[in-house]
Amino acid sequence: MTSLLILNGPNLNLLGQRQPEVYGHTTLAEIEDTCRQVAEDLGARVDCVQSNHEGVLIDAIHAARGLHDGIILNAGAYTHTSIALMDAISSAEIPMIELHLSNIHAREEFRRKSYIARVAVGQICGFGPEGYPLAMRAMMVHLAKISENQHDA
Ligand code: CA2
C-alpha cells in the first residue's frame, strides 16, 4: 500500500489558534484528520508529523526512506532558509511535494525564495488547508506515473 508522510514545520502547530486573519481558523489537528480521511479514500497509508525543530524534521526525512513512498512538506519558514532540509530531501530520494497554505509568491520578497523547491516534484501554495488533499492526490498521480514508467522500462 502506498504510504505518504505529511511533514509540517515550525509554528504550524499554532494554526487556528493565532493570527487567523493570515492562516485561517482550521487547526493542524483538523488538517491531519482530513489527510487521514483522504488517505483512506485513496487507499493509501499516511503518517503526520509536525516539529518546530529543523533537526527533528531532517531526522523524519531520513527515517522516511524505505517507509514512505512520498512526502508532502510544509517546511514553514525553513523553506526560505534551510539548505540542510533541501539536502535531506535529495539524499532520501523520496518524491516530495512542497506545500504552503499561503501564496508565498504574493507575500514578502523573502518568502519567494524556496530552497526546497529545487528538490521538489512541484509546489502547491495559496489554497489554504485544501492544499493538503490536493498535494496528496498529486503525489498519488506522480507515484503511479513513476511505477508505470518502471514497468515499461
Ligand atoms: O503558507 C505557509 O504554509 C507557510 O509555510 C507558513 C509559514 C511561513 O513562514 C511560510 O513563509 C509560508 C509560517 C507558519 C506559521 O504558522 C502560524 C500559524 C498560526 C499563527 C502563527 C503562525
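## Fold and helix packing in a predicted model

Of the 153 residues in the protein chain, 43% are buried (under 20% relative accessible area; exposed is over 50% and partly exposed lies in between, with a 1.4 Å probe and protein chains only). This is a predicted model, in which local features need pLDDT of at least 70, side-chain atom pairs count only at pLDDT 80 or more, and totals for chains, interfaces and linings use all residues. Residues are numbered from 1 along each chain as its sequence is written, and side-chain values use heavy atoms, with hydrogens and water left out.

The protein chain has 5 helices and 5 strands, taken as DSSP runs (H or I of at least four residues for helices, E of at least two for strands) and numbered from the N terminus. Their order from the N terminus is β-α-α-β-α-β-α-β-β-α. The radius of gyration, taken over C-alpha atoms, is 15 Å, which agrees with the value near 15 Å for a compact globule of 153 residues; the globule rule is 2.2 Å times the number of residues to the power 0.38. Along the principal axes, the C-alpha atoms fill a box of roughly 50 × 35 × 25 Å. The accessible surface comes to about 8000 Å², 50% of which belongs to carbon and sulfur atoms (Shrake-Rupley method, 1.4 Å probe). Of the contacts between residues at least 6 apart in sequence, 76% join residues at least 24 apart, a contact being heavy atoms within 4.5 Å.

Helix α3 (residues 54–64) and helix α4 (residues 83–92) have axes that come within 9 Å and cross at roughly 5°. The axes are lines fitted to C-alpha atoms over the stretch in contact, with angles from 0 to 180 degrees between N-to-C directions. α3 and α4 are therefore roughly parallel to each other (angles under 35 degrees). On the α3 side, Glu 54, Leu 57, Ile 58, Ile 61 and His 62 take part, and they meet Ala 84, Leu 85, Ala 88, Ile 89, Ser 91 and Ala 92 in α4. The residues of this contact divide into 8 nonpolar, 2 polar and 1 charged (nonpolar: Ala, Val, Leu, Ile, Met, Phe, Trp, Tyr, Cys and Pro; charged: Asp, Glu, Lys and Arg; polar: the others, Gly among them).

Note on methods: Angles under 35 degrees count as roughly parallel, over 145 as roughly antiparallel, 65 to 115 as roughly perpendicular and the rest as oblique.
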